[in-house]
Amino acid sequence: MKITKYEHACVTLEEQGKKVIIDPGDFTPTFGELANTVAVVVTHVHPDHFAPGSLQKIIDANPQVKIFTTNEVAEQFQKPNVSVVVAGQTENIGPFKLTFRGELHAVIHPDFSRNKNTGVLVNDSFYYPGDSFTLPEQPVNVLAIPASAPWLKMAETIDFLRAVKPKACFPTHDALLSERGHATFNKWIGQASEHAGIGFGVLQPGQSMDS
């Protein structure tokens with residue numbers, strides 16, 4: 001399975017000529033060719049993950065595409081393509097098995113209410129947690145690990161990486177970082193990965209790896 005990172009939190013997966021797009025939000029102006037997209041996962045309602053205009057473009061190019069998301073997104077994007085998913089649910093579409101994990105966004109501050117959030121495990125191989133530290137509940141080959149957010153601190157990120165212990169990981173959710181910020185995150189997570197025997201690599205927007 002081919003994994004391609006795009007700006008900020010968007011990742012696409014390709015298998016047998018079909019594609020799944022995850023979180024094509026407002027911080028991601030382009031995310032590759034839209035043709036042959038069979039599914040979209042929107043992990044939660046925040047605009048850096050959920051962009052109605054982008055979803056409509058995907059639907060226009062793929063009228064039968066399925067969009068899997070939370071009830072909060074579904075309320076704001078009322079289209080027949082949209083299905084609300086819950087933790088533990090599995091959907092098989094084309095060459096993809098999508099298993100959904102978790103229910104809530106990570107805590108930003110106790111004063112702020114927590115939105116719904118769904119992580120997704122694809123083909124029992126690639127895990128994307130959305131804005132959460134929800135575990136995949138099984139071994140995975142590749143983890144997309146969040147790099148920068150109001151809800152995130154390095155100690156929790158390293159603990160999450162160690163708990164998942166994938167074979168490999170790469171940073172995502174990184175649009176808020178400066179050049180020095182990227183270098184700092186990559187240094188610490190790179191060291192943590194090395195100590196845990198996990199392969200670590202950085203994908204620039206448009207670059208790919210295999211799962």
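**Sheet, cores and spaces in a predicted model**

An open sheet of seven strands, with mixed pairing, has the order 7-8-9-10-11-12-13. Strands here are DSSP runs of E of at least two residues, numbered from the N terminus, and two strands pair if DSSP finds at least two bridges between them. The structure is a predicted model, in which local features need pLDDT of at least 70 and side-chain atom pairs count only at pLDDT 80 or more, while totals for chains, interfaces and linings use all residues. Residues are numbered from 1 along each chain as its sequence is written, and side-chain values use heavy atoms, with hydrogens and water left out.

Strand 7 (90-93) and strand 13 (199-200) stand at the edges of the sheet; each has a single partner strand, so one side of each is left without a neighbour in the sheet. Strand 10 and strand 11 run parallel and are joined by two bridges. Phe126 has Val142 in strand 11 as its bridge partner.

Phe126 also belongs to the largest nonpolar core, which has 24 residues; together with Leu13 and Leu98, Phe126 is among those with the most contacts inside this core. A nonpolar core is a set of buried Ala, Val, Leu, Ile, Met, Phe, Trp, Tyr and Cys residues joined through side-chain atoms within 4.5 Å. Buried means under 20% relative accessible area, with a 1.4 Å probe and protein chains only. The elements giving two or more residues to this core include strand 2 (11-15), strand 8 (96-101) and strand 10 (126-128). Apart from this core lies another, of 18 residues, among them Tyr6, Phe50, Val73 and Phe77.

Thr12 lies in strand 2 and counts as buried because its relative accessibility is 0%. Leaving aside neighbours within four places in sequence, the contacts of Thr12 (heavy atoms within 4.5 Å) include Tyr6, Val20 and Phe31.

The largest pocket holds about 180 Å³ of space. Its lining includes Lys5, His8, Asp174 and Gln204. The largest cavity has a volume of about 30 Å³, and its lining includes His49, Tyr128, Asp131 and His173.

Technical notes. Buried < 20%, exposed > 50% of the residue type's maximum accessible area, 1.4 Å probe, protein only. Helix = DSSP H or I, 4+ residues; strand = E, 2+ residues; numbered from the N terminus. 1 Å grid on protein atoms, 1.4 Å probe; cavity = no way out; pocket = protein on both sides within 12 Å on 5 of 7 lines; lining within 4 Å. Points joined across faces, edges and corners; volume = space filled by probe spheres on them.
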